Amino acid sequence: MPKYSGSVRSLIIALAVILLIVVVSNTAIGTTNISPVLTAKIIYMGLLEWVQGTILWTLSLLGIPFDGSALFNSISPDRTWTDGQEMIIMGIRLPRVLLAALVGAALATAGCSMQGLLKNPLADPYIIGMSSGAALGAAIGFTLLLPVQLISFIFATITIFVVYNISKVGGKVPVDTLLLAGIAISFFLSALTSFFLFFSESLHQIIYWMMGGFWNASWDKVKITMLVVFTGILFSYRHSWILNVMLLGEEQAQSLGVNIESVKKQILVISALITAAAVSVSGIIGFVGLIIPHIMRNLIGPDHRGLLPASTLMGAIFLVISDTFARTFPSMVQAVLESSDIMLFQVILERVGSLQGVDLPVGIVTALFGAPFFVYLLRKRRKSLYA
């Protein structure tokens with residue numbers, strides 16, 4: 001376990017609490033009005049039932065008789081909700097919120113690792129072509145009616161291995177060669193994706209997927225993504241000290257006994273796997289892996305022992321809030337247009353029709369936040385270079 005300073009430990013605990021509150025409160029938000037307190041009770045009851053089932057199943061395998069109904073009934077809340085409300089929370093909203101949290105955590109963690117590895121605050125998980133590989137896989141999946149999540153994951157993973165092997169120079173992988181190879185492969189894969197878009201009958205589905213969103217969230221996707229993302233994040237945390245050493249420079253890190261090329265390969269593979277797992281279920285959601293690690297680095301400093309978990313939690317919080325905004329904003333606009341007497345608003349409403357039940361792609365929301373921040377980073381970097 002890494003040793004945190006008091007302020008960093010407090011910040012990480014605060015972020016964990018905020019994430020829990022955000023998950024519950026954003027699960028309560030939707031067209032059907034369900035209070036956060038009732039939502040928390042429904043989620044708690046679902047968790048309790050899952051724990052009870054897991055314990056009973058484990059004990060039955062071991063041949064140990066156990067009747068814990070009295071115990072679980074004593075800690076269960078009174079059922080004050082309807083079956084419909086439970087279905088909305090547990091079957092529709094909670095899987096979507098949890099999937100958004102997992103994807104946000106994965107992208108922010110991968111972005112933090114990539115920025116530390118490349119020693120560049122403008123780096124993100126997509127910088128070496130993973131998003132282009134996933135997009136090509138999705139286009140092939142939609143066109144040939146193959147499982148989109150699996151195909152996009154495979155193509156994103158293959159892309160990173162192709163880029164890595166192209167970048168090798170005498171058994172080593174220089175950072176500038178890695179970036180240039182990633183850019184070249186991205187353009188090539190984007191061309192192939194455009195080819196499939198041109199001939200595909202699933203053009204609308206592919207473009208929607210590429211915008212990024214959680215419309216098709218399900219418990220199966222949550223379970224699969226959780227397994228890959230949690231494993232990858234834990235392995236990323238194991239490299240926190242090495243990332244700190246690499247900030248001193250490759251020569252200094254090597255003199256301290258760090259196998260530079262092995263570490264590069266491990267970090268790239270881990271970042272690729274969790275990014276591929278995230279992109280395969282959400283589509284391409286930009287700027288999370290760029291802005292979140294940079295914000296947290298400004299708050300707690302460059303020590304990756306605290307920076308990585310802080311970025312993980314903040315990435316989850318940011319994407320859950322962004323997705324909630326994406327699924328509620330159209331209804332808010334509809335209400336404003338309907339309540340206004342301004343002629344322009346009435347014309348807009350007639351042209352666009354009803355916005356009830358419409359979800360914005362969450363990639364649009366993150367881009368609206370991320371693009372201005374990216375410009376800010378560029379201006380700040382330019383001033384530091386030419387000051």
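Student: What makes the contact between the side chains of Arg79 and Asp83 a salt bridge?

Tutor: Keep in mind that this is a predicted model. The N to O distance between the side chains of Arg79 and Asp83 is 2.8 Å. The cut-off is 4 Å between a side-chain nitrogen of Lys or Arg and a carboxyl oxygen of Asp or Glu, so the pair of Arg79 and Asp83 at 2.8 Å counts as a salt bridge. Side chains of opposite charge can pair when their charged atoms come close.

Student: Why is Asp83 called exposed, and why is Arg79 called partly exposed?

Tutor: Exposed means over 50% relative accessible area, and buried means under 20%. Asp83 has 58%, so Asp83 is exposed. Arg79 has 46%, which lies in between, so Arg79 is partly exposed.

Student: Which residues are linked with Arg79 in a network of salt bridges?

Tutor: Asp83 and Glu86 are linked with Arg79 in that network.

Student: How many salt bridges are there by this rule?

Tutor: The count comes to six. One of them joins Arg305 and Asp303, with the closest N and O atoms 2.7 Å apart. Arg305 is partly exposed at 31%, and Asp303 is partly exposed at 28%.

Student: What is the distance between the closest N and O atoms of Asp359 and Arg96, and are these residues buried or exposed?

Tutor: The closest N and O atoms of this salt bridge are 2.6 Å apart. Asp359 lies in the loop between helix H15 and helix H16, and Arg96 lies in helix H4, so the pair ties together parts that are 263 residues apart in sequence. Both Asp359 and Arg96 are buried.

Student: Why does Ser152 count as buried?

Tutor: Its relative accessibility is 0%. Buried means under 20%, so Ser152 counts as buried. Ser152 has its place in helix H6. Leaving aside neighbours within four places in sequence, Ser152 is in contact with Ala134, Gly137, Ala138, Trp209 and Ser280.

Student: How do you know that the reach of helix H7 is close to the one expected?

Tutor: Helix H7 covers residues 175-199, which is 25 residues. From its first C-alpha to its last, H7 reaches 37 Å, and 36 Å is expected at 1.5 Å a residue.

Student: Which residues of H7 are buried, and what covers them?

Tutor: Among the buried residues of H7 are Leu178, Ala181, Gly182, Ile185 and Leu197. The cover over the buried residues of H7 includes helices H4, H5, H6, H8 and H12.

Student: What is the volume of the largest cavity, and which residues line it?

Tutor: The volume is about 50 Å³. There is one cavity of 30 Å³ or more by this rule. The lining consists of Ile160, Phe161, Tyr164, Lys265, Leu268 and Val269. H6 and H12 each supply at least two residues of that lining. Rolling a probe the size of a water molecule over the atoms shows where empty space is left.

Student: How many residues of that lining are nonpolar, and how many are charged?

Tutor: Five are nonpolar, none is polar and one is charged. Lys counts as charged, so Lys265 is the charged one.

Student: Why does Ile295 count as partly exposed?

Tutor: Ile295, in helix H13, has 32% relative accessibility. That value lies between 20% and 50%, so Ile295 is partly exposed. The C-alpha atoms of Ile295 and Leu307 are separated by 10.0 Å.

Definitions and conventions
Residues are numbered from 1 along each chain as its sequence is written. This is a predicted model: local features need pLDDT of at least 70, side-chain atom pairs count only at pLDDT 80 or more; totals for chains, interfaces and linings use all residues. Side-chain values use heavy atoms; hydrogens and water are left out. Helices (H or I, at least four residues) and strands (E, at least two) are DSSP runs, numbered from the N terminus. The expected span of a helix is 1.5 Å times one less than its number of residues. Buried means under 20% relative accessible area, exposed over 50%, partly exposed in between (1.4 Å probe, protein chains only). Contact means heavy atoms within 4.5 Å. On a 1 Å grid over the protein atoms alone, a cavity is a set of points where a 1.4 Å probe fits but cannot get out, and a pocket is an open set with protein on both sides within 12 Å along at least five of seven lines; lining residues have an atom within 4 Å of a point. Grid points are joined across faces, edges and corners, and a volume is the space filled by probe spheres set on the points.
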